[in-house]
Amino acid sequence: MAQAAAVAKPPAPPRRRRASATPRRLPYLLIAPAALLMLGFIAYPVLSVFYYSLRDYNPTKPWRNGFAGLDNFTRIFTEDPIFWDTLVFSAKWVFVEVGLQLLFGLALALIVNQTFVGRGIGRALVFSPWAVSGVLTSAIWVLLYNSQTGITRYLADLGIGDYGTSWLSDTSTVFSAAVVADLWRGVPFFAILILADLQSVSKDLYEAAEVDGASRFKQFCHITLPHLKDAIILSTLLRAVWEFNNVDLLYTLTGGGPAGVTTTLPLYIANTSVDAHDFGYASALTTVAFVILLFCSIVYLRLSKFGGENK
């Protein structure tokens, strides 16, 4: 007993130090300055638009400034026919542009995905218009559509059309001319995204389909398209939002004319705020446009089942 008591007790295990919370928080601390700056640059403009949408604010007429409540929104839906005209044209513009850009972009992606001599140069040529800014794109097409030195002049030399014809000043041709100009820059966007997704399709699927006797068309419908589903949904949604907010190209090409037939809702907002200085009403129009885009985006994602399994 005495000997057992004399045996020294084993030393107690060292206490584990509490892990410091600083290493876990370090990544968040490092990105906090950038996150706060982004929040400030995004949140402040959005909140200020919502604030001014409830006010009458015109710097040139300060005596009329003040709280307006929902008067601006009432004016939009009951007293402003231009709003409905621009909204209808915006929907038409988005539908035509996104549909054609997707169609041509998919075709180009399938072509440059094949193996052929000079494929690298071909891809560079296909993607190069996307690197051109919107304003520069507009300037290029303004020169191409110039009635004295542009396309119509050379067509007139060939006996097609009349000299001095301007497609941008004719209400029957201005929409098609603007669509072609925007297609030149928008098609590469779809081609880039779709080509990137095509690279991940397993070649074994196509080989197995060929063994089973599937034609190229069936392979496209049952292998390629299902694989591209999410890429197509995401790219069309992004492009639809961008086309809806497209101001630079139409402003430079047509200025919303002739006779206002190419005025989109964002262009109408820009004219209302910059030219008419009616920032309160322009903010209300912006708020309505934001709600429309948000609603349409949610409905589109729900109906398309983005991220769901392909059956």
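Which residues of the largest nonpolar core touch the most other members? In this predicted model, local features need pLDDT of at least 70 and side-chain atom pairs count only at pLDDT 80 or more, while totals for chains, interfaces and linings use all residues. Residues are numbered from 1 along each chain as its sequence is written, and side-chain values use heavy atoms, with hydrogens and water left out.

The answer is Ile76, Phe83, Ile194, Leu265 and Leu285, in a core of 30 residues. Such a core is a set of buried Ala, Val, Leu, Ile, Met, Phe, Trp, Tyr and Cys residues joined through side-chain atoms within 4.5 Å; buried means under 20% relative accessible area (1.4 Å probe, protein chains only). Two or more residues each come from helix 3 (71–78), helix 4 (81–112), helix 8, helix 10, helix 12 (265–275) and helix 13 (279–304), helices being DSSP runs of H or I with at least four residues, numbered from the N terminus. A second, separate core has 17 residues, including Phe175, Ala177, Ala178 and Leu183.

Of its 25 residues, 18 are buried, so helix 8 is largely enclosed by the rest of the structure. Helix 8 also bends by about 40° at Trp184, with Pro188 following within four residues; the bend is the angle between axes fitted to the seven residues ending at a residue and the seven starting there.

In helix 10 (residues 216–244) sits Gln219, which is buried at a relative accessible area of 6%. A polar atom of the Gln219 side chain lies 3.2 Å from the backbone oxygen of Ala214.

Methods: Buried < 20%, exposed > 50% of the residue type's maximum accessible area, 1.4 Å probe, protein only. Polar contact = N/O pair within 3.5 Å; in protein donor to acceptor, adjacent residues only side chain to side chain.
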